[in-house]
Amino acid sequence: MKNSFSQYKIFFTFLLKFLLFYIAFISIYKLYLHQYDEKKNELDGFTEMVAFHSVKLMGVFTENVTSQTHKFQPAIKVFYNDVYVARVVEGCNAISVMILFAAFIFAFSIHWKKTILYIAFGIILLYVLNCIRIALLCFSLFHYKQYGSFLHGTIFPLFIYGAVFILWILWVTKYSGYVKVSNDK
């Protein structure tokens, strides 16, 4: 029995580190969200910031983009060419995706400094990519409204999760220290 545990020690260590990190940071995030009253249509500050930057990004490409606070929901409404195209809600801010990304990196880490830098870099990159994703989705919903469900539910989640997957692969193969490249031929 002792040999079988030591055989899977790396896996169990990874799993424990992943779960502890993920549960801790999801709990912190939930505590953060509890300070906002959904019944009063209060939207958290991070989601507001994501909406603001997404709309600003859209404004780089066109002049007729505006946003306003939703009157009946905790959301930001986005308008393009005076048409209401989307609303940005808490689920759009990609915080849970960032926590998932960081938990994997943390769980698959050896060196603390490299790990912290990679997590910071990854979160910043995911934030920027998420704003790009929201901007592109708003443009797409304006031009291809008939595909709205497919765009929102399939294509654009693949965009952000694909980026996370690529960052994970880069971490494991290039930076984590677990994969040793052999120069022997």
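Which helix is Leu 19 found in? I looked it up: Leu 19 sits in helix H2, residues 9–33. Helices here are DSSP runs (H or I, at least four residues) and strands are E runs of at least two, numbered from the N terminus.

I noted the ground rules. This is a predicted model, where local features need pLDDT of at least 70, side-chain atom pairs count only at pLDDT 80 or more, and totals for chains, interfaces and linings use all residues. Residues are numbered from 1 along each chain as its sequence is written, and side-chain values use heavy atoms, leaving out hydrogens and water.

**Leu 19 again.** I checked its cover. Leu 19 is partly exposed, with a relative accessible area of 38%. Buried means under 20%, exposed over 50%, and partly exposed in between (1.4 Å probe, protein chains only).

**Turning to phi.** I know that most residues other than glycine have a negative phi. I found that Asn 41 has a positive phi, near 60 degrees. Asn 41 lies in the loop between H2 and helix H3 (45–61). Ala 94 lies in the loop between E3 and H4. Is Ala 94 buried or exposed? Ala 94 is buried, with a relative accessible area of 5%.
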